[in-house]
Amino acid sequence: MVRQARQALSGDRRPGGPFKQDAFTSPIHSERVGAVLGIALGVTFSVCFITGLLSDFAQNAPFWSWWPARPAGLFRVTQGIHVTTGIASIPLLLAKLWAVYPRFWKWPPLDSALQAFERLSLVPLVAGSLFLLFSGVANISLWYPWAFFFPTAHYWAAWVTMGAIVVHVGAKATIARRAIGGRGPDAHEAPGDGLSRRGFLGMAAAGAGLLTVTFAGQTFAPLRRLALFSPVQHAAGPQGFPVFKTAASAGVTESAVRPGYEFTVEGKVATPMSLTLEELRALPQREVELPIACVNGWSASVRWKGVRLADILERAGAPSDAAMEILSLQEGGLYSHSHVNAQQASDPATLLALEANGSELHIDHGYPVRLIGPNRPGVTNTKWVRGVEVL
Amino acid sequence: MMDTETDKPVNPRVFVPLAVIGVAMMLWGFYGLFSNAATTRPGSWFTWFLGAAIAHDFVIAPGVFLAGWVTRRTVPSHLRAPLQAAGVVSAIAFLATMPLVLGFGSSGEPSVLGANYPAGFLLLLIAVWSVTALALVRAWRSGRSSRSA
């Protein structure tokens, strides 16, 4: 039966349309263009994969490990690179798929078991690459047309896609080396009258550059004026930086301004404590400049003022190697609490902030108290803090 | 143009180890996908995963083919390259910014999704097509001088 199927597929009856040998006439459908774009995508997808793993690690470090508190701006940089590189990959991926598109209509479709395996691995390769870029763009645009939770779906898709990329590199390494070295069967470009290979690659690069320049300003301040497509507007936020989740959407508009507010320290401490807002303000106030860096790729430098978390822990008699949960007035949901490891807790820049950029915290930025720490993803800098539970 | 001969050079010493590593990574990915089904929602995941490839292979790519076919028949050859490049860059920029430009997302916060993205896209088009206009003028002039020479 296999033989019959094979005969049917490899028979002389080559179908017409896109299956015809000369259906695609442009010189850009060449090994060389495919190799150049493939190498570029190999680099950009690897960068996205590594920075993506870092972002996952920063938020879900397993119990036997910890995400460091320093360098303070590390997450801002890696996540900015993750999102910007992903966006720059869009023109590269579409150009690459167009360059190799005639092979999608190759006739006969299969002529060996090895090729069957290699072509099968193209399904997760192509589907996964498109899925990662599409879901990433939709996510930063706050558009959720699907039923899954974006971070986990995107994360596992990245493993599938990266695996397919590794298989593909193995299958194409020799051809790519030959093509880059100018020894491929189509090394010399036939004269055409449309876009040349060089023009086509230049176009892909120009597209990548254009998207980079118009998106990167969301995290890279010198390009802010060119950030036509920044999902956040830095200047429009209260106190000069954006708000991703408002007090209203977190359901804390009343609880955050209730007069009897008390900040509690509980759990494994020698003396559990409870402090009013006035008592917090009476403690030594520290000032630090730290970025608020969102997983969605934007960031802003903010001058924070408040009480050192380490000072409070010392007063309560918490062990110096203790980890803890920061608890929010926000009830339920993923961001109602966040984990602070011992290294982050003892860092002098980790604050329970009461002020931002010189004035009392706006309720949308977490009034009365919010956590801010070096090298912490934005969502883990819990707002509307009601206390600490030492673990 | 692409004959089967070009598919042959696969070096087993490179391919086999990378294929083993790659397949292991894919299996890990699918394992994670299914063992976290409550959040990854495999039904929805596969719809969008395969849907993305189908949308590309049967809608976007044939669309590009059709656009190229029309361009070939309507635009003189010496003006074709700049028009093709500008058209493709504009289309890709539209795809990448579409959720913002068409306002698919939503936020209750004025500092999020608060920019005028359609105006931004218009600005980007003006930039792309201004450069293209210069390239077209140059191509048209050189086409004319080469014919008169």
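1. A polar contact here is a pair of N or O atoms within 3.5 Å; within protein, one must be able to donate a hydrogen and the other to accept it, and residues adjacent in sequence count only if both atoms are side-chain atoms. With that in hand, a few friendly notes on this predicted model.

2. Let's begin with the interface. Between chain B and chain A there are 16 residue pairs in polar contact, with both residues at pLDDT 80 or more. On the side of chain B that touches chain A, at least two residues come from each of α1 (12-35), α2 (37-40), α3 (42-74), α4 (77-101) and α5 (117-148). That side is made up of 47 nonpolar, 20 polar and six charged residues.

3. How many salt bridges does the rule find across the interface of chain B and chain A? The count is zero.

4. Now the extent of the interface. The two chains, B and A, bury about 6900 Å² between them, and carbon and sulfur atoms account for 74% of it. In terms of contacts, 73 residues of chain B meet 82 residues of chain A.

5. B:Ala67 counts as partly exposed because its relative accessibility is 41%. Its C-alpha atom is 26 Å from that of B:Phe49, 18 residues away along the chain.

6. Finally, confidence. The model scores ipTM 0.93 and pTM 0.93. Chain B has an average pLDDT of 90, with 92% of the residues at 70 or above. Please treat residues 1-7 of chain B separately: pLDDT stays under 50 there, and the model has 19 contacts beyond four places in sequence for them.

Terms used. Residues are numbered from 1 along each chain as its sequence is written. Chains are lettered from A and ligands numbered from 1 in the order in which they are written. Side-chain values use heavy atoms; hydrogens and water are left out. Contact means heavy atoms within 4.5 Å. Buried area is the accessible area (1.4 Å probe) that two parts lose on being put together, summed over both. A salt bridge is a side-chain nitrogen of Lys or Arg within 4 Å of a carboxyl oxygen of Asp or Glu. Helices (H or I, at least four residues) and strands (E, at least two) are DSSP runs, numbered from the N terminus. Ala, Val, Leu, Ile, Met, Phe, Trp, Tyr, Cys and Pro count as nonpolar, Asp, Glu, Lys and Arg as charged, and the others, Gly among them, as polar. Buried means under 20% relative accessible area, exposed over 50%, partly exposed in between (1.4 Å probe, protein chains only). pLDDT is the predictor's confidence in each residue, from 0 to 100.
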